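I opened my notebook to look up a few things in this structure.

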Amino acid sequence: MNMIDIITRKKAGAALSRDEIRCFARGAADGSLPDYQLAALLMAICLKGMDARETADLTLEMLHTGDVADLSAIPGVKVDKHSTGGVGDTTTLILAPLVAACGVPVAKMSGRGLGHTGGTLDKLESIPGLSVEKTVAELIDQVRRIGVAVIGQTGTLAPADKALYALRDVTGTVDSLPLIASSIMSKKLACGADAIVLDVKCGSGAIMHTVEDAKALARAMVEIGRLCHKPVSALVTGMDQPLGTHVGNALEVKDAVDVLSGRTGGDLLTVSLMLGSKMLLLAGAARTREEAEARLREALDSGRGLEKFRQMIEAQHGDPHVVDDLSLLPQPKVKRLVKCGRAGYVQAMETTVLGLAAQAMGAGRVRKSDVLDWSVGFILPVRIGDQVDADTPLCELWARSEDSADKAEAAVRAAVRIGEGRCERPPLWFAEL
Ligand code: URA
């Protein structure tokens with residue numbers, strides 16, 4: 001198969017055959033195709049698109065360049081959940097134990113932070129001692145024993161995506177719907193769950209900025225699921241402001257424990273319950289959304305969700321006492337309260353800028369080799385639509401130095417717009433598929 005022909009055909013807008021797509025995916029995974037040809041085809045796909053059949057073929061071909069985890073030794077329907085990435089987006093730490101407390105096994109492989117978005121593995125590793133490095137056999141054993149495990153992706157899952165994602169990052173070809181959909185779905189299918197719930201984020205802190213683009217991405221991924229005979233459902237949820245009030249690794253664990261203990265709720269709990277309900281429905285553990293949500297609420301109110309989180313931490317060699325004493329989580333050198341400084345209404349947030357501010361403080365990696373500071377980030381109690389006065393707390397910075405706090409303070413002030421006009425709260429969710 002000739003790669004120049006494949007590039008030329010896509011440049012002319014033709015639909016590629018399964019064989020042509022296989023040649024592309026395998027060539028990316030095994031390094032037999034040069035980067036310049038891969039990049040040329042990526043750009044042609046960006047400009048000319050792919051139809052649903054091509055997108056599904058690309059997903060499957062990328063998937064089959066690596067291992068597919070076999071979770072069949074775990075009894076029951078295993079439902080995975082994936083977020084397309086956001087800020088303060090800590091739903092996994094809440095819904096994994098809650099869903100498991102409802103008797104549905106959760107065997108989850110998660111990722112690390114990417115750019116301005118946080119990653120579940122980094123958050124979990126902020127718990128002293130906790131390990132996310134487990135084999136698939138250990139994952140299975142833990143889920144059989146306690147019903148839940150959240151670990152790093154093991155083995156070589158979708159190596160074609162690894163190669164192509166790195167190239168897309170440096171060739172201006174990230175924002176292509178078929179490339180995003182096949183990238184996410186090839187990795188998710190490789191994790192071996194029986195069904196998948198997708199949380200497609202939309203807004204100033206998300207990969208998709210408009211509702212229409214987010215819905216189109218959700219539709220494309222649900223369609224891939226249908227073509228692969230894998231039940232997939234999706235929610236399109238808002239990311240015009242951080243989902244939880246805490247941004248940073250240990251801070252987001254604290255947010256999750258606060259929610260699981262019933263001390264706080266808010267948008268983070270609401271979205272966690274919506275996604276968790278979809279997981280119970282796909283697993284056949286509830287017949288209606290109302291029944292699913294009632295089961296999750298019962299697990300929350302009875303403390304069984306928090307207990308499940310404690311068990312998971314212990315099973316993964318973390319200190320389970322953090323659940324009762326949050327001061328055992330890493331603490332920063334500097335804590336600084338920042339006030340709003342003016343009266344008015346919170347009108348908008350540049351959520352990507354907020355995520356980048358946390359990253360610059362040390363909560364995320366700028367270079368792959370960066371070592372994270374788990375203790376840093378900020379608590380942002382204000383929400384879009386809130387009325388504030390000059391003394392209302394805008395944020396509490398947890399920083400490693402006064403200099404870092406100064407920079408973060410300037411970034412948060414610039415990212416949160418306070419003005420005179422009253423402002424509506426943005427919707428929490430936009431569509432369900
Ligand atoms: N996340 C992914 O895994 N892949 C993309 O292409 C975009 C976001």
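I began with a term: helices (H or I, at least four residues) and strands (E, at least two) are DSSP runs, numbered from the N terminus. With that in hand, I found Arg 417 in strand 12 (residues 416-419).

Before going on, I noted that this is a predicted model, where local features need pLDDT of at least 70 and side-chain atom pairs count only at pLDDT 80 or more, while totals for chains, interfaces and linings use all residues. Residues are numbered from 1 along each chain as its sequence is written, and side-chain values use heavy atoms, with hydrogens and water left out.

**Entry: Arg 417**

I asked which residues Arg 417 touches, leaving out those up to four places away in sequence. With contact meaning heavy atoms within 4.5 Å, they are Tyr 345, Val 346, Gln 347 and Ala 348. Tyr 345 is 72 residues from Arg 417 in sequence, and their C-alpha atoms are 8.4 Å apart in space.

**Entry: domains**

I looked up the domain assignment, whose bounds come from an automatic or database source. The chain has domain 1 (3-49), domain 2 (79-323) and domain 3 (330-419). The centres of domain 2 and domain 3, taken over C-alpha atoms, are 24 Å apart.

How much area do domain 2 and domain 3 bury between them? I noted about 2,000 Å², with 56% of it on carbon and sulfur atoms; buried area is the accessible area (1.4 Å probe) that two parts lose on being put together, summed over both. His 116, Gln 241 and Leu 251 supply 25% of what domain 2 buries against domain 3, more than any other three residues.

**Entry: salt bridges**

My rule here was a side-chain nitrogen of Lys or Arg within 4 Å of a carboxyl oxygen of Asp or Glu. Side chains of opposite charge can pair when their charged atoms come close. The structure holds 35 salt bridges, and the count between domain 2 and domain 3 is two. I also looked at Asp 267 and Arg 383, which form a salt bridge with their closest N and O atoms 2.8 Å apart. Another joins Arg 18 and Asp 57 (3.3 Å, N to O). Arg 18 sits in helix 2 (residues 18-30) and Asp 57 in helix 4 (residues 52-63), 39 residues apart.

**Entry: the ligand**

Which residues surround the ligand? I listed Tyr 165, Arg 168, Ile 180, Ser 183, Ile 184, Lys 187 and Ile 207, each with a heavy atom within 4 Å of it. A polar side-chain atom of Ser 183 lies 2.6 Å from a ligand nitrogen atom, and one of Lys 187 lies 2.5 Å from a ligand oxygen atom. For Arg 168, a side-chain N or O atom is 2.9 Å from an oxygen atom of the ligand.

Notes:
A polar contact is a pair of N or O atoms within 3.5 Å; within protein, one must be able to donate a hydrogen and the other to accept it, and residues adjacent in sequence count only if both atoms are side-chain atoms.
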